[in-house]
Amino acid sequence: MEWLSIKKTLSYSDVEQVEKELNVKLPNDYKHIIGSINGGALKNAYINHSVLGEIAYSRNVSLNKEAKANIYEVFPIINRKDIRYFPFGNVGNGDYFCFDLKENTVVLYIHEKMEMVKVCNSFTQLMNMIQYIP
């Protein structure tokens, strides 16, 4: 994958610090790669979902507090009552790919309906589902 516009990279311990600050436990496959692609974007990338159709994968949510629309801004919007979802991928229309921290799956947060739809079982599986518009 060719990640564009990568924001400030992070160390593994930086990612663990985010976990502590937000009181979450992130999947290992995500934690091991996000530091090097923090805030990165994919051009013309999407996944094909059996129910929702084509869903864009625009940009990773940045874990840096200084970045625009960073995890510290987006996280409380999606988690209103309890901590269950960790938004990690921006679709570009207000929807987000999130980790369902209770089910250990990847879901899509659909902001118009404020609902979650299961997409796949892991970050690695989602990354393997990405296709590109020619």
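**View 1. Asp82 and Lys102 form a salt bridge, their closest N and O atoms being 3.2 Å apart.** A salt bridge here is a side-chain nitrogen of Lys or Arg within 4 Å of a carboxyl oxygen of Asp or Glu. The pair links distant parts of the chain, 20 residues apart: Asp82 is in the loop between α3 and β4, and Lys102 is in the loop between β5 and β6. Asp82 is partly exposed at 41% relative accessibility, and Lys102 is partly exposed at 49% (buried means under 20% relative accessible area, exposed over 50%, partly exposed in between, with a 1.4 Å probe and protein chains only). The model is predicted: local features need pLDDT of at least 70 and side-chain atom pairs pLDDT 80 or more, while totals for chains, interfaces and linings use all residues. Residues are numbered from 1 along each chain as its sequence is written, and side-chain values use heavy atoms, without hydrogens and water.

**View 2. Arg84 forms a salt bridge with Glu103.** The closest N and O atoms of this pair are 3.8 Å apart. Arg84, Asp100 and Glu103 are linked in a network of salt bridges. Arg84 is partly exposed, at 23% relative accessibility.

**View 3. Five strands form an open antiparallel sheet in the order β3-β4-β5-β6-β7.** Helices (H or I, at least four residues) and strands (E, at least two) are DSSP runs numbered from the N terminus, and two strands pair if DSSP finds at least two bridges between them. β3 (59-60) and β7 (115-120) stand at the edges with a single partner strand each, so one side of each has no neighbour in the sheet. Strand β4 (residues 85-90) is joined to β5 (residues 96-100) by five bridges. In this pairing, Gly89 has Phe97 of β5 as its bridge partner.

**View 4. Strand β1 (residues 45-49) is largely enclosed by the rest of the structure, because four of its five residues are buried.** β1 and β2 form a hairpin with three residues between them, and four bridges join these antiparallel strands. Asn48 stands opposite Glu54 in β2. β1 also pairs with β8 (residues 131-132) in the antiparallel sense, over two bridges; here Tyr46 stands opposite Gln131.

**View 5. Glu19 lies in helix α1 (residues 12-22).** Glu19 is buried, at 7% relative accessibility. The side chains of Glu19 and Lys31 make a polar contact of 3.2 Å (a pair of N or O atoms within 3.5 Å; within protein, one must be able to donate a hydrogen and the other to accept it, and residues adjacent in sequence count only if both atoms are side-chain atoms).
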